[in-house]
Amino acid sequence: MNYLYAPRVLQCMRFKHEDVHAPIRRKVMDYEFDFCVGCDREMWIDGVRYKVEKGCFVIRKPGQKVYTKGVYDCYMLTLDFSDRLVSTNYSRNTATQMQEQFVSGIWDVLPSVFKPLHYDDYLRIFEDLLSVGEIDINENPKTMGRINELMHLLISDAYLQTFPTNNKPKTVIDEVCSYIKKHY
């Protein structure tokens with residue numbers, strides 16, 4: 001099956017950081033996606049301050065400068081769109097080579113930090129990815145399906161937040177999508 005997005009998963013894990021007094025500063029080397037399930041954190045991405053709490057989604061791109069402090073409990077996903085060689089012992093904090101920018105209009109649409117509408121769907125996607133396991137995550141056929149589902153959901157949520165659809169009547173397409181979501 002062909003997918004719109006076919007990155008390699010570098011890291012997928014549940015991450016908890018509870019030391020509220022030790023700020024973390026670093027340069028982002030890869031595409032990073034964090035889905036917060038229990039956070040009370042401040043984050044600066046390229047000098048812009050964000051309040052990160054439960055339900056927030058954080059997206060960082062290579063080259064961005066990040067400073068964070070506070071409690072963090074999230075699902076972490078790091079993706080490589082470049083096909084470069086990366087150590088099997090990859091970690092965000094030890095990556096030495098910065099990934100080239102992935103050219104796509106998606107990065108213009110996605111905010112750095114936002115609270116998406118589909119909390120349960122994000123939770124399911126990350127739990128599915130974690131159930132595969134780090135060792136064979138890139139060989140598992142459902143991984144790319146989940147990654148593409150995640151990317152499409154992020155685009156949809158970012159679009160809905162940018163262009164709210166308040167008081168618009170439901171179309172037949174909306175009802176079909178709602179039915180599929182409930183019965184998938």
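Author: Let us begin with charged pairs. A salt bridge is a side-chain nitrogen of Lys or Arg within 4 Å of a carboxyl oxygen of Asp or Glu. The structure shown here holds 13 salt bridges. It is a predicted model, in which local features need pLDDT of at least 70 and side-chain atom pairs count only at pLDDT 80 or more, while totals for chains, interfaces and linings use all residues. Residues are numbered from 1 along each chain as its sequence is written, and side-chain values use heavy atoms, with hydrogens and water left out.

Reader: Which residue meets Arg8 in a salt bridge?

Author: The partner of Arg8 is Asp80, with 2.7 Å from N to O. This pair links distant parts of the chain, since Arg8 belongs to strand E1 (residues 8-17) and Asp80 to strand E7, 72 residues apart. Helices (H or I, at least four residues) and strands (E, at least two) are DSSP runs, numbered from the N terminus.

Reader: How is the exposure of a residue such as Arg8 or Asp80 classified?

Author: Buried means under 20% relative accessible area, exposed means over 50%, and partly exposed lies in between (1.4 Å probe, protein chains only). Arg8 counts as partly exposed because its relative accessibility is 26%. Asp80 is buried, because its relative accessible area is 0%.

Reader: Where does Glu32 lie, and is this residue buried or exposed?

Author: Glu32 is found in strand E3 (residues 31-36). Its relative accessibility is 1%, so Glu32 counts as buried. The side chain of Glu32 forms a salt bridge with that of Arg26 (2.7 Å, N to O), and both Arg26 and Glu32 are buried. A further term is needed here: a polar contact is a pair of N or O atoms within 3.5 Å; within protein, one must be able to donate a hydrogen and the other to accept it, and residues adjacent in sequence count only if both atoms are side-chain atoms. Such a contact, of 2.7 Å, joins the side chains of Glu32 and Arg60.

Reader: Which residues are linked in a network of salt bridges?

Author: The network links Asp121, Arg124, Asp128, Arg146 and Glu149. Within this group, Glu149 forms a salt bridge with Arg124, and their closest N and O atoms are 2.5 Å apart. That pair also links distant parts of the chain: Glu149 is in helix H3 (residues 141-162) and Arg124 in helix H2 (residues 119-132), 25 residues apart. Glu149 is partly exposed, because its relative accessible area is 23%. Arg124 is partly exposed as well, with a value of 25%.

Reader: Which loop holds Gly47, and is Gly47 buried or exposed?

Author: Gly47 is in the loop between strand E4 (40-45) and strand E5 (48-53). With a relative accessible area of 63%, Gly47 is exposed.

Reader: What is a disulfide, and how many does a search of the whole structure find?

Author: A disulfide is a covalent bond between the sulfur atoms of two cysteines. A search of the whole structure finds zero disulfides. The sulfur of Cys36 has its closest cysteine sulfur in Cys39, at 3.4 Å, which is too far for a bond. Cys36 counts as buried because its relative accessibility is 0%.

Methods. A disulfide is a pair of cysteine sulfur atoms within 2.5 Å.
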